[in-house]
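Here is my note on the structure for you to read alongside the display. Keep it open while you go through the points.

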Amino acid sequence: MTSTASSRRARLGLRLFAAYTLLYAGFVGANAFFPDRMEAAPLAGVNWAVLSGLGLIVTAFALALAYGWMCRDDRGGPRPGERP
Amino acid sequence: MTSAPSPLAILIFLAFVGLTLGISFYLGRQAKSSAGYFAAHGQIPWFVNGVAFAGDYLSAASFLGICGMIAFYGYDGFLYSIGYLAGWIVALFVVAEPMKRLGKFTFADALNSRFSSRGIKLSAGVSTLAVSIFYLIPQMVGAGALVQPLLGLPHWAGVLMVGAVVILIVVTAGMVSTTWVQFLKGGLLVAFSGVLTAMILNRGLSTAPTAAATQLRQWGPFARADLEAELTAAPELAGGQIVPADDAWKSAPFLRTREANGKRSVWSVAPWDDRQVVLLEAQWQAVDAQGKLQEVNGQPVADGQPPPQLLPVGRVRRLPDGVERTGPLGPLAFLSTLQRSEIILWGTRKIVDSQGNATTVYFQKPTPGSQVLRPGEHPTFHGIRSSKLLDKLNFISLMLALFCGTASLPHILIRYYTVKDEAAARKSTIVGIGCIGMFYVLTLYMGLGAMTSGSMDVRDSNMAAPLLARGLSELLFAVISAIAFTTVLGTVSGLILASAGAVTHDLLESVSSVRLTDSERVRVAKIASCFIGAISILLGIWFKELNVSYLVGWAFSVAASANLPALVMLLFWKRTTRYGIIAAVVVGMLSSLAWILLSADTFEKVYGLPGEAAWAPFSQPGIVTIPLGFLTLVVASLATPPEPESAARRPSGRRAFAPTPSGPRRRGNSPPRRPTEPAVPKARPKAASAAGRTRWAASAGGRSPRAAAPQASPRCVPGHGAPCGGRSPAAQASSACFSGWYLNDSLTLAR
């Protein structure tokens, strides 16, 4: 695996990590500072607290799959047009 | 509530334990060398390793602790699920591939990859031991809780049994067998949790009376303002009397009665409407000053006879629209229906009189479903509903520790060494996230199912999930309990292996002058496993009263504070020095341990002292000690000379496992890597060339080959002020900015 591929994966990983961290921080902040608003039920009679929690779990898996898919070609060589 | 053991349950339990031991003995033959014993020769398939991640991670805390916490408090337990799963994002996106690249057998290997420091080995080894032992305690507590209803044995016997079996597994096998046991266990746990959830949804919700509901009475309503007078005159108490509140009972929110037939009862007061209240009969047990059980629900304990049992609890008191049974429900309909119902939760209060006699009262708390599914009901999370910022910090601190802790747990980190390369590490983490995420969604349903099952033991939240299974089917209970027991076995095996690796590889060999042969190394690791297993047995018996998920929160805090700052900064800050890493690990570990030991929770639950006397302003240390670890590393690194690259990267004479000619990452029987490095500039020093393409000798005048070749120098991380490639070696060496070390040079050099 080249350093370019590793470096690209690392950058991608950091971006996805930052995105999820923002979501997680928002979730923790909402529970900590607006607990009463989490009781509202916007969808199918289920409240924000449960929906956002389930959503975070599903999002984590979706991001993991996306990362795996985007890194699927990083096996041992540079991509076409990339400097090795 | 302890029922007689079922022969079927015992049979299935023994079959599972026998299968686990059989796998261990069979695969133990492959673990004669240290590479096999500690890292399974790096030959585990990525899918198997991914499911084994789930097996390692879904410990007693997840299955027993979280389900129990949800069953007793509702949504707050689910917050643990979310935090535990979120931690895997850190593991996948930040830690997984570098760990595979940098390490060999232990977490300390990775930290020490740029240096050759005894101090790093020592501090990381001690940190691994501390975190592992903190994590071992809840596993052993969970084992003790499981064995009580399953085999009818006392708690200490369960702890002892797990300890003995695990020591046998670890001593006879190693990472190969542990991995396959984790694979089976992880797969079975997720599959049977799915079965349990399907049965819960198919059953739906019902107000049908449970054993506790039929035997525990409700009196009233009575006028709130004139409660005692109305109760005295009520026909229910005809011939009886209200027992005057004396001694410690004066401050307790209960009424005691003695009825005409001599039965003594304890009642809690619940609102009926604005002006009226009802009395709900509580369960209680009394022990004397010596701790001997005297009475249960008013029935005296007779010598030589099994003690009377508390009633199983957990029910829906009222369903929406007045229906008595919903029938099968979909996943969202189950949650929305429960949200509009009224549930009977249970509280606990211990009352100790002036003679030292203690009465523990378990009382009913009718609670709206909307309150069950909102944050802030568990004592740990009460601060959420406070207006003070300091009170909210405990919750934020815990969630931060859960987020950061996963990627710092030694027994998780060493699993990256059991696959062949970085791609396998990445794929196995994704599989792990899938399995673990699925399981944590199921915990919500299992916990709420237990809450409304009528089968919970009011004294032990840890048994909610297995007892829920018993309420549905005796066979399912046997299988679930056996899987849960195997869960404990697998996690404890992994933890003991990580600890044994730290003792042998990090502490004994690297720090002392002892030099061991490969077979001696394995033998010492097995001896260390016995000692660590014995310590965990003792701690498991000592901490039996605490919720296992709560205990795991401590382990996460210590791991995140001690290990994560050093690991992350090693990857992302080129100016990190060995002294910075040592200081960060030591300060993070000691500060988090000290904080926990001085917290209100520890004062109340471990020391038996009032929480107000605690020194720490809140119980969870992460929000203070994790940043403190980062800060310590930065200050210590800046206060010490930059690492001379020639010294930092040369092969160490003290390395217990010397690098192979083609580089230190080559291991086991795997062939040497095909060189994919770009052409090395002609200016490369002869000495470096002679050493081969190892990162140890790859530097040239303080710069790496890649940095020395401007055309091949990759960009720095976004946010970095200037490209490093064009800077002088001195400027690079003294740079205090984030240099994208991990993203650039180290990736190439580490090969």
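1. First, some terms. Two strands pair if DSSP finds at least two bridges between them. Strands (E, at least two residues) and helices (H or I, at least four residues) are DSSP runs, numbered from the N terminus. This is a predicted model, where local features need pLDDT of at least 70, side-chain atom pairs count only at pLDDT 80 or more, and totals for chains, interfaces and linings use all residues. Residues are numbered from 1 along each chain as its sequence is written, chains are lettered from A and ligands numbered from 1 in the order in which they are written, and side-chain values use heavy atoms, leaving out hydrogens and water.

2. Look at the sheet in chain B. Six strands form an open sheet in the order β8-β7-β6-β11-β10-β9, with antiparallel pairing.

3. Now β6 (residues 283-287) and β7 (residues 293-296) of chain B. They run antiparallel, joined by three bridges. Gln285(B) faces Val296(B) in β7(B). The two strands make a hairpin with five residues between them. In that turn, Gly291(B) has a positive phi of about 85 degrees.

4. Next, β7(B) pairs with β8 (residues 299-300) of chain B, antiparallel, over two bridges. Val296(B) stands opposite Gln299(B) in β8(B). This hairpin has two residues between its strands, and Asn297(B) in the turn has a positive phi of about 50 degrees.
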